[in-house]
Structures are given as structure tokens and as C-alpha cells.
Amino acid sequence: MKQIRIFDTFNSSQLICTYSGYKPANRHKWGPGVRDIYALHFIVSGKGTLETHNQRYLLTAGDSFMIFPQTEIHYYPDPEDPWEYVWIEFKGDEAKRLVAMTELEPDKPVVTVCKVDLKPYFPVVPGAEARPFEKMRTEAQLRLLLSYYVEFYPRESPSINYVQLAKEYIMINYWRTTLTVSDIVHAVSLERSYLFRLFKEAEGMSISSYLTAYRIERACELLRSPGLSIKSVACSVGYKDQLYFSKIFKKAASYTPSEYMTLHSQDTNALAEEDAVAGFPEISN
């Protein structure tokens with residue numbers, strides 16, 4: 001049976017808000033130095049200067065700037081009209097991904113006046129004693145804030161990968177018994193024959209064959225899990241007719257679902273016996 005490539009998903013949801021605040025107009029400055037976090041600033045009024053990557057940015061009300069991890073920066077207010085700003089500090093793998101969706105980057109850390117006032121969307125980070133739901137809400141507010149930066153300052157989009165879109169749609173919807181190739185084409189929003197050609201060139205099979213193979217791959221995983229009936233497995237991977245599922249499965253895997261379950265059960269028992277001989281403790285459920 002052909003091995004199906006599973007899509008990489010963003011399985012790390014790490015987004016940690018570390019600090020936030022409001023800085024009234026004064027002569028506070030920082031740097032030169034580096035930080036190990038992201039720090040997004042929004043200038044409410046006044047003026048100031050940011051120096052980084054051998055560039056100097058003169059900033060004013062409505063502008064935003066980002067401090068990037070391990071990037072040397074120096075910022076300071078205008079002596080005649082010192083800036084007033086709000087800021088939020090955050091870190092984590094998810095933080096990196098979200099910031100990458102904007103045009104902000106280490107050598108372009110500044111964006112100009114936005115169409116909306118962004119100040120109200122800057123969350124207040126609770127203290128160390130914050131309860132879990134308070135931290136969750138702060139992270140949600142940060143996501144909302146960053147969504148505005150993604151909307152108004154988006155990174156230039158690369159060409160659309162329609163094959164990847166089709167595969168992702170299959171990954172999310174393969175369990176639906178009503179899913180059809182037409183649904184996939186409609187979701188991708190591309191002319192049918194052109195998508196078919198792109199998919200065939202990229203994957204070496206049709207969309208229909210890929211959908212079937214993906215379902216069978218998921219079925220194999222479920223059949224190796226004790227306690228599930230074949231009928232339940234069939235429904236879980238998008239087949240409401242158990243007999244039809246068995247027919248498709250045998251054609252793809254060279255075993256009936258029941259034979260596959262028996263074979264896997266024998267393999268599991270053999271491994272358990274080997275572990276017992278080797279002195280590994282038996283773990284009961």
C-alpha cells in the first residue's frame with residue numbers, strides 16, 4: 001500500500017505573553033542592546049527614534065515598531081516632543097509564525113499609520129499569579145491584535161499552492177461520508193481540469209485516488225487501535241457502507257479489515273512476548 005504523506009500542521013500553539021504596559025511621554029530610552037522576546041509598540045502621540053540594522057527610523061503618532069529576538073536595537077524619544085506608547089511583549093513558536101504573517105521583520109521593523117486605532121487592542125498582561133483562564137484571554141487578545149497587523153500590514157503572499165490547499169481540505173474533511181471531489185474543487189476555487197492536472201503532476205495520482213488512499217491510511221491507524229469495530233472505523237474515515245469500505249480496503253491493503261486487525265493483533269502479542277523475555281515489565285491498561 002502506498003504511504004501517504006501527512007501534512008505538517010502547526011502543532012505548537014505556544015504563545016506566551018510576558019509583559020505589557022503604557023509609557024507616558026517622558027525621556028525613557030533603551031539600548032543599544034538585544035532582547036530574547038518580541039515586543040510590539042504602538043505610538044499614541046509624540047515622536048521618537050528607533051535604531052537597528054544600521055538604520056534610523058523617525059517615528060510619530062500612529063506608527064508601530066517591533067523588537068525582534070536577538071536583534072540589537074536602540075530607541076529613544078524626541079527631546080522636544082517625547083513619544084507616548086503602549087507595548088506588548090511575547091514569545092514562543094506560535095508567536096514567530098504569527099509575526100511572520102505580517103510585513104514586520106528584523107530589517108523592516110516599522111509600519112506606518114494604520115486605518116484603525118490599534119491602541120485599544122493591546123492587551124494587559126496579568127501578573128505571575130494569574131489564573132489559567134486569564135492567561136488564555138490575554139493570548140486571545142494578542143491574537144486579535146496581531147490579526148489587525150496581518151490585515152493591514154500583510155506579508156506579500158507567495159503564489160497559491162492549489163495542490164496543497166486540496167490536500168489540506170482532504171485532511172480536514174476526509175471523515176465526511178458526503179465528501180466528493182466536486183466539494184474539494186469548489187473549496188480550492190480553481191477550474192476543475194486545471195486542478196486535476198496540477199494534482200496529478202504533483203502527487204502522481206488523481207484527487208479521488210488520493211482521498212481514498214488518505215482514508216485507508218487513517219483506517220489502518222484505527223484498525224490498529226483495540227476496541228473499535230470495523231463498522232465504526234468505516235464511518236470514522238468517511239464510509240457509511242461497511243461492505244463497500246471492506247472492498248476498498250482490501251483492494252488498497254491486500255487484506256480485509258478483519259484480517260488486518262488479526263494480523264496487527266498477532267504482531268502486538270509477539271512484541272509483548274519479546275518484551276517479557278527481555279525482562280520488560282508488562283503494563284496493563
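**A guided tour of the predicted model**

Begin by selecting C17, which is buried, with a relative accessible area of 16%; buried means under 20% relative accessible area, exposed over 50%, and partly exposed in between, with a 1.4 Å probe and protein chains only. The model is predicted, so local features need pLDDT of at least 70 and side-chain atom pairs count only at pLDDT 80 or more, while totals for chains, interfaces and linings use all residues. Residues are numbered from 1 along each chain as its sequence is written, and side-chain values use heavy atoms, with hydrogens and water left out.

Select C220 next: this cysteine is buried, at a relative accessible area of 2%. A search of the whole structure finds zero disulfides, a disulfide being a pair of cysteine sulfur atoms within 2.5 Å.

Now display the strands (E, at least two residues), which are DSSP runs numbered from the N terminus, as are helices (H or I, at least four residues). An open sheet of five strands has the order β1-β8-β3-β6-β9, with antiparallel pairing. Its edge strands are β1 and β9 (110–111), each of which pairs on one side only. Two strands pair if DSSP finds at least two bridges between them. Strand β6 (residues 64–67) and β9 pair in the antiparallel sense over two bridges, and F65 stands opposite V110 in β9.

Strands β1 (16–23), β3 (38–45) and β8 (84–91) each supply at least two residues of the lining, and β8 gives the most, with three residues.

Next, select T52 in strand β4 (residues 47–52). T52 is buried, with a relative accessible area of 5%. Beyond its neighbours within four places in sequence, T52 is in contact (heavy atoms within 4.5 Å) with Y57, T71, E72, I73, P106 and P109.

Finish at P77 in strand β7 (residues 73–77), which counts as buried at 11% relative accessibility. The C-alpha atoms of P77 and G48 are separated by 4.0 Å, although these residues are 29 residues apart along the chain.
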